[in-house]
Amino acid sequence: MNGLFITFEGIDGAGKSTHIDRLAEAFREHGRVVTLTREPGGTPLAEQLRNLVLNDTMDAMTEALLVFAARRDHIAQVIRPALARGEVLLCDRFTDASFAYQGAGRGFDREILATLEHWVQEGGLQPDLTIWFDLPPAVGAQRLSGARAPDKFESQPLAFFERVARGYADRMAASPGRFAQINADQDVSAVWAEVGRAVHAKGMLP
């Protein structure tokens with residue numbers, strides 16, 4: 001079987017984790033081998049870089065370089081090997097998050113981000129499907145309130161997440177065939193139904 005690369009995107013509090021696990025089970029029930037991973041992270045080195053990015057103070061360029069360094073190791077060590085083995089790879093965030101968070105949210109130069117994307121994803125590696133959990137930032141903030149100690153991104157003001165949401169919308173506008181926009185501001189079963197329709201529409205599950 002051909003490998004499948006599906007990414008889950010959205011602001012903090014959008015509910016990605018619940019549905020990425022459920023989709024993994026759906027693929028396993030149909031006999032597919034599934035690799036679950038995340039960004040930044042996914043390898044020992046990338047997880048160390050994730051800890052720096054989420055917790056240490058740094059300028060936007062340093063942040064972007066660390067994220068793409070983590071991505072490079074992740075692609076080499078996990079993503080490409082899993083796809084070569086014909087597995088289904090489900091990733092919690094990928095490059096769209098860099099354009100949304102570092103680009104739109106932090107205001108970093110998107111041309112530089114595009115150059116880093118080209119270098120790191122040599123061969124034009126992109127997801128087969130990106131599921132964007134579109135949630136009003138105010139709802140995301142309410143969901144996260146008191147749930148856990150926030151990292152440096154989760155503690156950003158509402159205006160930051162409004163910019164991030166616009167960044168995701170811009171990425172979808174640039175690659176509409178790759179994106180499935182999910183209304184994440186509804187109950188879990190309704191969100192899951194939309195996720196299922198998006199995957200079925202691509203012919204990825206019977």
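Predicted model: local features only at pLDDT ≥ 70, side-chain atom pairs only at ≥ 80, totals over all residues.
Along the principal axes, the C-alpha atoms fill a box of roughly 45 × 40 × 30 Å.

How do the parts of the chain come together? Among contacts with a separation of 6 or more, 78% join residues 24 or more positions apart. Of the 206 residues, 53% are buried. The protein exposes about 9,500 Å², and carbon and sulfur atoms supply 52% of that area. As for charge, there are 22 positive and 27 negative charges, and their mean positions are 2 Å apart.

Now let us go inside. In soluble globular proteins, nonpolar side chains tend to be buried together. Here the largest nonpolar core has 27 residues, and those with the most contacts inside it are Ile6, Leu23, Phe27, Leu90, Ile131, Phe133 and Val199. Two or more residues of this core come from each of strand E1 (4–9), helix H1 (16–29), strand E3 (88–92), strand E4 (129–134), strand E5 (179–183) and helix H8 (188–201). A second, separate core has 20 residues, including Leu54, Ala70, Val164 and Tyr168.

Leaving out residues up to four places away in sequence, Leu23 touches Ile6, Phe8, Leu90, Ile131, Trp192, Val199 and Leu205.

Next, look at Ile11, in the loop between E1 and H1. Beyond its neighbours within four places in sequence, Ile11 is in contact with Lys16, Arg93, Tyr101, Phe133, Leu135, Pro136, Pro137, Phe161, Val164, Ala165 and Tyr168. The C-alpha atom of Ile11 is also separated by 7.7 Å from that of Asp134, although the two residues are 123 residues apart along the chain.

Our last stop is Glu63, in helix H3 (residues 60–84). Because its relative accessibility is 0%, Glu63 counts as buried. What does Glu63 touch, not counting residues up to four places away in sequence? Its partners are Val53, Met58, Gln102, Arg106, Lys152 and Phe153.

Methods:
Residues numbered from 1 in each chain as written. Heavy atoms only, no water. Buried < 20%, exposed > 50% of the residue type's maximum accessible area, 1.4 Å probe, protein only. Contact = heavy atoms within 4.5 Å. Areas by Shrake-Rupley, 256 points an atom, 1.4 Å probe, with all protein chains shown as cover. Lys, Arg positive; Asp, Glu negative; His and termini not counted. Charge placed at Lys NZ, Arg CZ, Asp CG, Glu CD. Core = buried A, V, L, I, M, F, W, Y, C linked by side-chain atoms within 4.5 Å. Helix = DSSP H or I, 4+ residues; strand = E, 2+ residues; numbered from the N terminus.
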